[in-house]
Amino acid sequence: MGSLHKFSFVLLMLCFATLGSAQYVKYKDPKQPVAVRVKDLLSRMTLAEKIGQMTQIERENATAEQIAKYFIGSVLSGGGSVPSPRASAQAWQSMVNGMQKGALSTRLGIPIIYGIDAVHGHNNVYKATIFPHNVGLGATRDPALVKRIGEATALEVRATGIPYVFAPCVAVCRDPRWGRCYESYSEDPTVVQSLTTLISGLQGDVPSNDVGRPYVGGSKKVAACAKHYVGDGGTVKGINENNTIIDTRGLMTIHMPPYYNSIIRGVSTVMVSYSSWNGVKMHANHHLITDFLKNKLRFRGFVISDWQGIDRITSPPHLNYSYSIEAGIGAGIDMIMVPYTYTEFIDDLTDQVNKKIIPMSRIDDAVYRILRVKFTMGLFENPFADPSLVDELGKQEHRELAREAVRKSLVLLKNGKSSYSPVLPLPKKAGKILVAGSHADNLGRQCGGWTITWQGQAGNDNVTAGTTILSGIKATVDPSTTVVYSENPDSSVVTGDKYDYAIVVVGEEPYAEGFGDNLTLTIPGTGPTVIQTVCKSIKCVVVLISGRPLVVEPYIDGIDAFVAAWLPGTEGQGVADVLFGDYGFTGKLSRTWFKSVDQLPMNVGDKHYDPLFPFGYGLTTEAHK
C-alpha cells in the first residue's frame, strides 16, 4: 500500500505541475520582454488569426461579433465616421470598449488597436480642441510648442478611448496647388524635421536605450503614424495621388529626411502614400518599403496602407485585387486598411499564402511588427478606455494652448503703405470699426478640412465649439468701440458711415485631399470684391484664411496691412490677440509666396526664385506693454 500511495502522490504532483504550466501563458506576462511575448504569441497563432491582425476595418461595419469571427486586428474611423452626431467622449468610449470586448473574447484575446485621423487636434470629435493646421504650425518655427500640441492631442484622443492616431503628416509640400499642402509644415525638409516633435508629444519621449524602436509611454499617450511615405508632397502640378518625378538624390534629400527623425523619435507606424515615385506606385514599392525603410533605416514598427490603398495599385482601382494584395503585401505593407471589403481581402490573402504565392515569412514579419507595437503601448494590460480622462476633451488648458499656437502662426506680410506708418497693432479704442468678409464669423471656414467631416464644412451651427475671429475682435476692443459686421458690404455700407479702420477676413472654403487640388489658387467667392470695395475707402487690414499662399499680387498695393492666418482652428481669439497688440507678430513663412501660378513649382533655393514674399519672410511687431 505504501508504494501505491507514493505513486499516487507523485502522479498528483505531476498533475498540479501540468495544470500550473498550462495556466501560465508567457505572452500574457508583462514582466517578460516584449520580444519574448511577441514570439510566444506568434507561435500560438493560426493563419486566420495572423491575417486578422493584418486587417483594419471601418467602424461602420465593425461589430464585436465580426471582430471576433475574423480575429480583426484594427478598426478605424474615417473622416466624419462617428458613433452619432455630436457624440460625447463617453459615447466614443462605450463604442470602442464594445469592439474591444469582441477582440478579447477570442481564443488568444489579442486586443484591437483603434485608429483615427487627429491631424490638428482630435478633429473628428465634437467639442475637441482644433489646433492650427500644420502649414500654420510651420510658421511658428517652434518645436516645443508643437510637442505640447502633441501632448494635448494625445489626452483628448485617449479621452474617447482611442489609442492610435494617423498623425503627423510629414510631407514636404513642394507645390501649393496640392490640396493637402496645409497638412505639410513646410516646403523645406529641415523645418518639417524640426517639427517631428509632435511624435514625442503624442507618444512620449523615447528612452535613450530604445531610440529607433516604436515607443508609447503609457495609457495617456497614443501611437503615432508618420505619413505619407514617401514623396506625397512632390507630385506633378500638386495633383493628389499623382507621380513624383525626381531622382534618388532629390527624394533622399527633400522628401525622406523627416522619416529619419520620426524613426529616431520611436514612431510606431508609417503610412504609405497613394502617390508614385517615377511611375512606381508607393504601395507596391518593395525597394523603398522593405529594402530602405525596414532594412536600411531599421524601422521596427508596422507599415500601414492608406484607405483602400492597395486597391489603387491598379487603374482603375480594384481592377485586379489579387494582384494588388500580392504587390502590396509583397512590398512590405503590414496592416491593410480595407474599410469595407475585408472578407474579400482575408479570403484572397489566405488563398495566396496557402498557395505559397506570399510566403509565411512575410506574414510573420507583418504580425510580429503589429504585435510589437501592441505590446509596447500596453494594450494587453490596458485594453479598455479610461473613464477618468473624459474631461480632457476640449479642456480649457488645451484651448489656451491652441490660442497660443494661433498667435505664433500668424505671419505679417505688410504693415502700412510705408515703413514709417505702420497700421498694426490696431488701437482697441476707436469710434467705429468695420469687420467684413466671408471668414470673419465662420468657425468651419477658419478650421478648414479634416474638421468634424473629411472635407470640412462652412458655418457655425454644425461644426464644433470655438470662437470666431469676429467674436475675438468684439471681446478685445474697448467697450466704447462700435463694431459693425457686414459679410459682403457694398459701397453704400462702406461710404455711408465713418469708420476708423476695417478688418477684412476672407479666404478659401474648407477642403481636403482630391477636392482641394487647385491650379489657379485665386481667392474664391466674393473675397476679391470685398477687399477692393473696403480697402479703396477705409484704412484696412486683410486677414487671409487659407491652407496655402494664394494669388494676392493684384490687390496688395491697395491693402494697408496683410496677415496670413492660415487655418487657425477653433481659437479665433488668438487672431485678435495679435491684431490689437496684446502679443506681437513673430511668424515666418514656411512656404514661398508666389506672384503667379505660372511660377509654380517654386521653392526656396530654386534658380528661378522670384517670389512676392520669400520663404522665411515675416514682419514683427512689439506687444503693447
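Predicted model: local features only at pLDDT ≥ 70, side-chain atom pairs only at ≥ 80, totals over all residues.
## A proline after helix 22

Pro601 sits in the segment that follows helix 22 (573-579); helices here are DSSP runs of H or I with at least four residues, strands are runs of E with at least two, and both are numbered from the N terminus.

Residues are numbered from 1 along each chain as its sequence is written, and side-chain values use heavy atoms, with hydrogens and water left out.

## Other backbone points to look at

Leu424 to Pro425 is also a cis peptide bond, with omega near 5°. Pro425 belongs to the loop between strand 12 (411-415) and strand 13 (432-436).

Lys127 is worth a click too: its phi is near 75°, a positive value in a residue other than glycine. You will find Lys127 in the loop between strand 3 and helix 6.

## Annotated regions and domains

Residues 46-373 are 40% helix and 10% strand, with end C-alpha atoms 20 Å apart. For residues 410-620 the figures are 18% helix and 16% strand, and the end C-alpha atoms are 10 Å apart.

The protein is also divided into domain 1 (35-377) and domain 2 (410-613), with bounds that come from an automatic or database domain assignment. Their C-alpha centres lie 34 Å apart.

## Where the two domains meet

Domain 1 brings 41 residues to the contact and domain 2 brings 43, where contact means heavy atoms within 4.5 Å. Together the domains bury about 3,300 Å², 51% of it on carbon and sulfur atoms; buried area is the accessible area (1.4 Å probe) that two parts lose on being put together, summed over both. On the domain 1 side, Pro176, Arg177 and Glu187 lose the most area to domain 2, together 22% of what that side buries.

Between the domains, 29 residue pairs are in polar contact, both residues being at pLDDT 80 or more. A polar contact is a pair of N or O atoms within 3.5 Å, one able to donate a hydrogen and the other to accept it; residues adjacent in sequence count only if both atoms are side-chain atoms.

## Salt bridges

Two salt bridges are found across the interface of domain 1 and domain 2, a salt bridge being a side-chain nitrogen of Lys or Arg within 4 Å of a carboxyl oxygen of Asp or Glu. Glu513 forms a salt bridge with Arg180, and their closest N and O atoms are 3.2 Å apart.

The structure as a whole holds 30 salt bridges. One of them joins Asp117 and Lys227, with the closest N and O atoms 3.1 Å apart. Asp117 lies in the loop between strand 3 (113-116) and helix 6 (134-140) and Lys227 in strand 5 (residues 225-229), so this pair ties together parts that are 110 residues apart in sequence.
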